[in-house]
Amino acid sequence: MRTIDSINEKIRAGQVVVYTAEDFKALAQEQGITAAAKAVDVVVTGTFEPMESAGAMINLGHTDPPIKLLECYLDGVPAYAGFGAVDLYLGASQPVAVSRLAEGMESEEAREHGGGHVIADLVAGRTVHLQATGHATDCYPRASLETTITRDTVNQFYLFNPRGLYQNFIVGVNGGDRPLSTYLGPLQPRLGNAVYANPGAISPLLNDPDLATLGIGTRIFLGGGVGYIAWEGTQHFPLQRRLPNHTPIGPAATVALVGDAKPMDARWVRGCYFKGYGPSLMIGVGVPIPILNEQVAAHCAVQDKDIVAPVMDFSIPRRVRPTFGLVSYAQLKSGTITIEGQPVRTAPLASVYLARQVQQELKQWIETGAFELSIPVAALPMDRAFLPQDALGS
């Protein structure tokens, strides 16, 4: 029916028809897939959720005399300096080094500071304190550095998230006798609550389960700026078992994301902290799905009732945990699921409210001609599986 080039021509002409994921699903239910596919050019999907496998590359710019960074702390958070000269990588889940906290930062809030908070501060234009030691050489004689930086005083500042989006995820519960602090937040004992991370039917990768329209080089909304799919993500597992509608029954495909952080918006990049677990970074990501044919449209029409996730018991401290079976996202979003005859309260880790706002903003960008779709330069692999546990060694 369409090509990405033809859709971009309509964007330039101000004639493109863009629907949010929820609006398109409603249209498809009302008028059918064929009519919906003919009527709509682009479906925008979105999420706003913690992405702990995220981080930022920063190039400070050369000092005088020059320094080759050996060890570096940003507001007390260690940044990796194993590159040339003044390149740094700051991981979102890196906790603060308490011994490096500046004077007056001994509060519990300061101790819960991490890489995600530093990245969010830089995106927001705030000043960050830097302390570093150097590996003194003939060409890099400086041995130490203490200064402040902002997003405007460094050469480069861009997000690079090795695992920026998940295609589906798990539901966490706790069948044990004590509260658990996890990457899903607190899980109450004796099945006191259930937490799910994926926003379901509006989530980007669940609207293109075969990654037919997405690939390396796909342009996206990332943190309020423009980003790109850079590669397959870590833990990319597209061979996950799938339903007849092609959606996976658990964690499956992932993508790595990259984008210039200097023009990003603090609304969409926020540091967070999971009590008893550690820091992370909440990021808004929006992905446009070009409606190239009816098959793409049919995948974008998927409903929460047609997507499932496994309920995993975190009280068992093993790599492979027991499951209480599969539940649909419609059940999860109802507020209660039933496990072994017991009603269990549910809560989302992702913000559906903010995910909808991400979609609306990307929709406006496309409609006003500020954002065009890109043709992937290569497909993402669909033959990846997890390494068998016995291959990992002891």
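**Strand 19 and its surroundings**

Strand 2 (residues 42–50) pairs with strand 19 in the antiparallel sense, over nine bridges. The model is a predicted one.

Strand 19 spans residues 278–290. Strand 18 (residues 269–274) also pairs with strand 19, antiparallel, over six bridges. Here G271 has L281 of strand 19 as its bridge partner. Strands 18 and 19 form a hairpin with three residues between them. In that turn, G276 has a positive phi of about 80°.

Strand 15 (residues 219–222) is another antiparallel partner of strand 19, with two bridges. F221 is bridged to G286 in strand 19.

Is strand 19 enclosed or open? Of its 13 residues, 13 are buried, so strand 19 is largely enclosed by the rest of the structure.

Now the core. The largest nonpolar core has 67 residues. V285 is among those with the most contacts inside it, along with L60, L74, L88, I119, L130 and F157. In soluble globular proteins, nonpolar side chains tend to be buried together. Take L60. Neighbours within four places in sequence aside, L60 is in contact with L69, V86, L88, L130, I149, T153, V154 and N155. A second, separate core has 32 residues, including I170, L292, M312 and W365.

Strand 7 (residues 128–134) and strand 8 pair antiparallel over six bridges. The open sheet has four strands in the order 5-4-7-8, with antiparallel pairing. Strand 5 (77–79) and strand 8 (144–149) are its edge strands, each pairing on one side only. From one strand to the next, the twist averages 25°. Helix 5 (residues 115–123) lies across strand 4 (69–74), strand 5, strand 7 and strand 8. Helix 5 runs at about 115° to strand 7.

Strand 2 is part of what covers the buried residues of helix 2. The cover also includes strand 1 (18–20), helix 3 (33–39), helix 6 (294–300) and helix 8 (352–367). Which residues of helix 2 are buried? In helix 2 (residues 21–31), they are A21, F24, K25, L27 and A28. They cover an arc of only 160° around the axis, which puts them on the same side of helix 2. An α-helix has 3.6 residues a turn, so residues three or four places apart point the same way. Q29 and E30 are exposed, on the face of helix 2 turned away from its buried side. Just after helix 2, G32 takes a positive phi of about 95°.

An open sheet of six strands has the order 21-20-10-13-23-22, with mixed pairing. Strand 21 (323–328) and strand 22 (336–339) stand at its edges, each with a single partner strand, so one side of each is left without a neighbour in the sheet. Direction ignored, neighbouring strands of this sheet are turned by 30° against each other on average. Strand 22 pairs antiparallel with strand 23 (residues 342–348) over four bridges. There, T338 stands opposite P343 in strand 23.

Key
Residues are numbered from 1 along each chain as its sequence is written. This is a predicted model: local features need pLDDT of at least 70, side-chain atom pairs count only at pLDDT 80 or more; totals for chains, interfaces and linings use all residues. Side-chain values use heavy atoms; hydrogens and water are left out. Two strands pair if DSSP finds at least two bridges between them. Axes are lines fitted to C-alpha atoms, for helices over the stretch in contact, and angles run from 0 to 180 degrees between N-to-C directions. Contact means heavy atoms within 4.5 Å. Buried means under 20% relative accessible area, exposed over 50%, partly exposed in between (1.4 Å probe, protein chains only). A nonpolar core is a set of buried Ala, Val, Leu, Ile, Met, Phe, Trp, Tyr and Cys residues joined through side-chain atoms within 4.5 Å. The arc is that of the directions from the helix axis to the C-beta atoms.
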